[in-house]
Amino acid sequence: MIYTLIKFANCHAFIFHFSKYQSMKLLVFLSLLLSSLFPSAFTHQISRPTYVRIGSIFSLGTINGRVSKIAMNAAVEDVNSDPAFLGGTKISLSIYDSNYSGFLGIIGGLHYMETNTVAIIGPQVSGMAHILSHLANQLHVPMLSFTALDPGLQSLQYPFFIQTAPNDLFQMIAIADMISYFGYREVVVVCPDDEQSRGSIIALGEKLAERRCRISYKALLSPESLATSEEIMEVLVQVSLMESRVIIVHAFASVGLRVFDIAHRLGMMDKGYVWIATAWLSTVLDSTPVSAEKANSIQGVITFKPHIEDSARKREFLSRWNKLSNGSIGLNPYGLYAYDTVWTIANAIKKFMDSGGAISFSNDSSLNGLGGALNLGSLSRFDGGKELLATILETNTTGLTGKIAFNPDKSVVRPSFDILNVIGKGYKRIGYWTNYSGLSVVGPEILYTRAPNRSSSNQRLYDVVWPGRTTVKPRGWEFPRNGRPLRIGIPDRVSYKAFVSKNEKTNDINGFCIDVFLAAKNLLPYAVPHEFILFGDKRKNPSYTELVSMINSDVFDAAVGDIAIVTNRTKIVDFTQPYTESGLVVVAPVKKLNSSPWAFMRPFTLSMWAVTSAFFLIVGFVIWILEHRINDEFRGPPKKQFITILWFGFSTMFFAHRENTVSPLGRMVLLIWLFVVLIITSSYTASLTSILTVQQLAPSIRGIESMITSNERIGFQVGSFSENYLTEELNIAQSRLIPLGSPEEYADAFNEGRVAAIVDERPYIDLFLSKYCMYQVVGREFTKGGWGFAFPRDSPLTMDMSTAILTLSENGDLQKIHDKWLNTRAYSLPNSLDSEQLQLKSFWGLFLISGIACLLALLLYFCSIFHKFKRYFPQQQITNISSSSSKRSSSSRSVRIQKFLSFVDRKEDESINKTMSRSRQDFVAASSGVTERNGAGVYPDHDEGQNGN
């Protein structure tokens, strides 16, 4: 400081020798410069230490520990190789070997906290990170790790902990996406029971649940690398007894390799299994040589690897690696992250110091006197820790791993993974995963130039070679040989035992539903050990909703029987494809219809009577038109002709018409009409005979609509969903509902008048009516549904059984089973009045043919008449006649129409003769008139024009 003052003073004395005026100006300027620059210059001298200490904590015996040490030292060497980068300051990196011990890792962290360390790289595992993060929070020392990737460390609880590689949350999302892509629903996880794995597996469970998948079993090993081969063997034996064959291994490399080796010896690396390893396996394959024995135990495994964008800097570093490592170990992505982490800290320190930040430490007064012999008071707080942390999080640069930047939640930007399939001693890439577009065979660099698309149709991976060296996708689950059989709940019915029943002599469960289930099960490509468990109290039919709910509570693994697929049940279980149709119908007693003096009107509906009568008149009128000019029987006074039309039309009903038809068109129309009359009269006769000779029955209720509006009591089957439907959907009062348990109770309730109708499912009613013939289904089937087998949500058996049921339906076996149990011919009741009446829709085709024949005959007839009219009464004659006077020109059309009607009304021979005679007379008269008019000068306009000239 004194030296600086003397220097500035000497400068001031030198300047004084210039002119007084100039020296005064310079004096003022230098004073201002001194006051503004002097403090900054002083600070600069203090904040640029020779060395800035950075600590790191790794287990140097691990693959990532060895690779990270080499990469970090290379990064420190590159930073220090340019003295100007930090203004003469160098980075001093200290690497502490925790030697697989969490306790030693904590000791290393405490050591760095008392030696003025500005940042710590590590620790390597999440367990130590959780503890040391509390120290970092207290002493403001940023901690950066690319291997402690527990998603929980990203929380606000640890503001000074930064993960410089994609944390395990993203890897677990990638695994969940892949599980969903391949259609698997359950997985087994093998992992150590420690903080390194616990948070990641919790995240995996959450992401699987979002995709309607789940972890069915967690096979936990001793923490970290403490698991023995015997322990792993025992755990894998338990895994082999699980239903799921999709196994995820998330462990340390040393433990994971032993898991695969023992699994291979247990035969669990064969066909049918799906093995997924997290990024630890790709690290092993990248960094260490793989023996033939080791490679054989991991064939077909799918693993993940952090995606590193290809770049010139990355290739240059790869070319340096053999020299840096002396060929001792291969480079993996975490080595690149180690290199970039050092540079991230270095860039942040540069920016921090360039902005005037000072590297200084102070004692934390809250620690004084604490710890006794531990001397916690020696721990120092980094005064600029918060500013350095903020600078690190503002990083936006490019490193060996690509873009280096952090999101607001401290996670790295653009997390992505390569998805690898182990083949031979290496692997092939089958696709990529990005948090941007999910699974894809297109590189992340290209995907980020497009709009995000996570639709299922856009998710794609290349073909996989699975364990057992097969390209056929494993089913992903299996009934284990030593597992417990499937517990199947069966309704213990007391009625309608054709569907489900127990043979008391043999204790066998049989019935229509049971045979369908067994037939479908036999079509599955795997064995399904099972046991039937009856559900019910043997006094009444059980509640089917309660039976289904017991699957959800894990009392049963499935439910088989006459179980209707309804909405409230599908919310808790999955149903197979329906194996029979079922809907609610109304059955009611029928009563005898009293005879009526108007019974002869019953065969036809009102519309049928109206249309038939109209056609009798239409046909009579058409025949009259066609025969009028040539048939004397259809001529005469108007009154006679009108009577003839009525008589002829209606007499065809009895084929009693006495008038003969002469014209071909009339005969054609009459022939077609007589055929129609024959069909109608025959149908009428048959229907009337049935009405007058067969006992007529009619139901007292017409359908569900009349039941809703009435106050009659309604019966329902105990245990059926019909009770809830009537009360909840149709709002029928509970007091109107009468529970009934068997067909016999149905009949008794009807006979005693306790119910007016019964609502039940169609299959039950069909069996009921096969025995009791005085009842019938009325109205329409007002619900549509079916029966199915119930399984737990997302059970793989649901899909396979549905496929088997469809196969039974297609090959006819389902119908054969139905005929075996339910093909009882029901008594056929006489049709009700509505169904007896002949509807117009049954005969509209005949009326259409007859109508077309009439129209066609009239069209041909009038074309022929018009042609004859033009032939015997040419247009010229009328033109000549009408041209005799301008006054008559307006009436020429009416004259022609009158002559046409007169022509049509006359008999054909007489009409022709009179027309020809009158034509000649008119022609002569017209000729004479023209001559006279010409002689007298008929063209006044012409003459006047000449005279005018």
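Predicted model: local features only at pLDDT ≥ 70, side-chain atom pairs only at ≥ 80, totals over all residues.
The largest pocket has a volume of about 700 Å³. Its lining comprises 25 residues, and those closest to the centre of the pocket are Glu 186, Arg 214, Glu 243, Arg 484 and Asp 557. Strand S7 (214–221), helix H17 (544–552) and helix H26 (796–811) are the elements that give two or more residues to this lining. Sorted by class, the lining of the largest pocket holds 13 nonpolar, five polar and seven charged residues.

The second largest pocket has a volume of about 510 Å³, and of the 24 residues that line this pocket, Asn 64, Ala 251, Phe 252, Ala 253 and Trp 280 are the closest to its centre. At least two lining residues come from each of helix H3 (63–80), helix H6 (168–181), helix H7 (195–210), helix H9 (253–265) and helix H10 (280–287). By class, the lining of the second largest pocket has 10 nonpolar residues, 13 polar residues and one charged residue.

## Cavities

Two cavities of 30 Å³ or more are found in the structure, and the largest cavity contains about 60 Å³ of space. The lining of the largest cavity is formed by Arg 493, Tyr 544, Asp 562, Ala 564, Arg 569, Gln 717, Val 718, Gly 719, Ser 720, Phe 721, Glu 761 and Tyr 764. By class, these lining residues divide into five nonpolar, three polar and four charged.

## Salt bridges

Side chains of opposite charge can pair when their charged atoms come close. The structure holds 26 salt bridges, and one of them joins Asp 354 to Arg 48, with the closest N and O atoms 2.6 Å apart. Asp 354 belongs to helix H13 (residues 333–354), whereas Arg 48 sits in the loop between helix H2 (20–47) and strand S1 (51–58), so the pair ties together parts that are 306 residues apart in sequence. Asp 354 is partly exposed, at a relative accessible area of 46%, while Arg 48 counts as buried because its relative accessibility is 18%, which falls under the 20% cut-off.

A salt bridge also forms between Arg 320 and Asp 78, at 3.1 Å from N to O. Because Arg 320 lies in helix H12 (residues 312–325) and Asp 78 in helix H3, this pair ties together parts that are 242 residues apart in sequence; Asp 78 counts as buried, with 19% relative accessibility. In the salt bridge between Arg 793 and Asp 574, the closest N and O atoms are 3.1 Å apart. Arg 793 is in the loop between strand S32 (790–791) and H26, and Asp 574 is in strand S23 (residues 574–575), so parts that are 219 residues apart in sequence are tied together by the pair. Arg 793 counts as partly exposed at 34% relative accessibility, whereas Asp 574 is buried, with a relative accessible area of 17%.

Technical notes: Residues numbered from 1 in each chain as written. Heavy atoms only, no water. 1 Å grid on protein atoms, 1.4 Å probe; cavity = no way out; pocket = protein on both sides within 12 Å on 5 of 7 lines; lining within 4 Å. Points joined across faces, edges and corners; volume = space filled by probe spheres on them. Nonpolar A, V, L, I, M, F, W, Y, C, P; charged D, E, K, R; others polar. Helix = DSSP H or I, 4+ residues; strand = E, 2+ residues; numbered from the N terminus. Salt bridge = Lys/Arg side-chain N within 4 Å of Asp/Glu carboxyl O. Buried < 20%, exposed > 50% of the residue type's maximum accessible area, 1.4 Å probe, protein only.
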